[in-house]
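Please look over the protein below.

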Amino acid sequence: MTTEAKASSRERLLEAAATLTYRDGVNIGVDALCKAAGVSKRSMYQLFESKGELLAASLEERAAAYVKTLLPSEDDDRPPRERIMHVFEQLESQAGAPDFQGCPFLAAQIELKDPSHPASRVAHRVKANLTDFFRGEAERGGASDPDLLARQLILLFDGASARAGIKADTPAGLLAPTVKILLDAANLR
């Protein structure tokens with residue numbers, strides 16, 4: 001197999017894993033992944049040690065794009081309060097899409113239930129980075145307890161994402177007022 005064919009097979013597997021696991025969950029079978037990617041199981045196992053490694057690579061591959069859709073840019077000089085609100089505005093916008101299934105990183109952690117699974121480790125890091133963003137903004141904005149506020153915000157983010165993902169509720173009209181109450185209670189500027 002040529003290097004170009006391997007790269008192409010790898011890309012197709014990563015894309016199939018991203019699409020199918022987001023839509024159907026992480027328990028999608030290797031046969032279904034390979035069929036969707038147009039790749040043999042033999043080729044998949046030449047490229048990835050295991051299905052778990054494929055899932056981890058797929059999550060890793062889409063992490064940067066996911067974060068970019070949520071977080072304000074590095075050069076965004078709005079105050080911390082507005083930067084935090086931006087994240088929740090993005091979530092609300094994403095949750096309105098008909099194919100929204102919730103946060104793919106939270107879903108992977110919940111479905112896998114094993115914190116040592118390679119995909120769980122990637123998902124945990126992405127979620128920890130979002131919590132760190134909230135904590136950093138809380139510190140910059142003079143929150144009375146930045147750690148507590150960060151934990152509250154990630155809980156709200158994950159809860160809203162999960163409920164919207166299972167179509168139990170829509171965050172429209174709920175997120176902004178709830179986030180503002182948390183920010184006010186923390187004395188965030």
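The text that follows takes the core, then a helix, then the pocket and the cavity.

This is a predicted model, in which local features need pLDDT of at least 70, side-chain atom pairs count only at pLDDT 80 or more, and totals for chains, interfaces and linings use all residues. Residues are numbered from 1 along each chain as its sequence is written, and side-chain values use heavy atoms, with hydrogens and water left out.

**Core**

The largest nonpolar core has 57 residues. Such a core is a set of buried Ala, Val, Leu, Ile, Met, Phe, Trp, Tyr and Cys residues joined through side-chain atoms within 4.5 Å. Buried means under 20% relative accessible area, exposed over 50%, and partly exposed in between (1.4 Å probe, protein chains only). F88, F134, L149 and L153 have the most contacts inside this core. Elements giving two or more residues to the core include α1 (3-24), α5 (80-95), α8 (146-165) and α9 (175-185). Helices are DSSP runs (H or I, at least four residues), numbered from the N terminus.

L149 touches A138, A143, L182, L183, A186 and L188, leaving aside residues up to four places away in sequence. Contact here means heavy atoms within 4.5 Å.

**Helix α9**

Four residues of α9 are buried: L175, V179, L182 and L183. They lie on the same side of α9 because they cover an arc of only 100° around the axis. The arc is that of the directions from the helix axis to the C-beta atoms. The buried residues pack against α5 and α8. I181 and A185 are exposed, on the face turned away from the buried side. N187 follows α9, and its phi is positive, near 60°.

**Pocket and cavity**

On a 1 Å grid over the protein atoms alone, a cavity is a set of points where a 1.4 Å probe fits but cannot get out. A pocket is an open set with protein on both sides within 12 Å along at least five of seven lines. Lining residues have an atom within 4 Å of a point. Grid points are joined across faces, edges and corners, and a volume is the space filled by probe spheres set on the points.

| Space | Volume | Largest share of lining |
|---|---|---|
| Largest pocket | About 260 Å³ | α4, four residues |
| Largest cavity | About 70 Å³ | α7, four residues |

The pocket lining includes Y22, R62, Y66, Q94 and F100. The count comes to one cavity of 30 Å³ or more. Y66, V67, L70, L71, V126, K127, N129 and L130 line the largest cavity.
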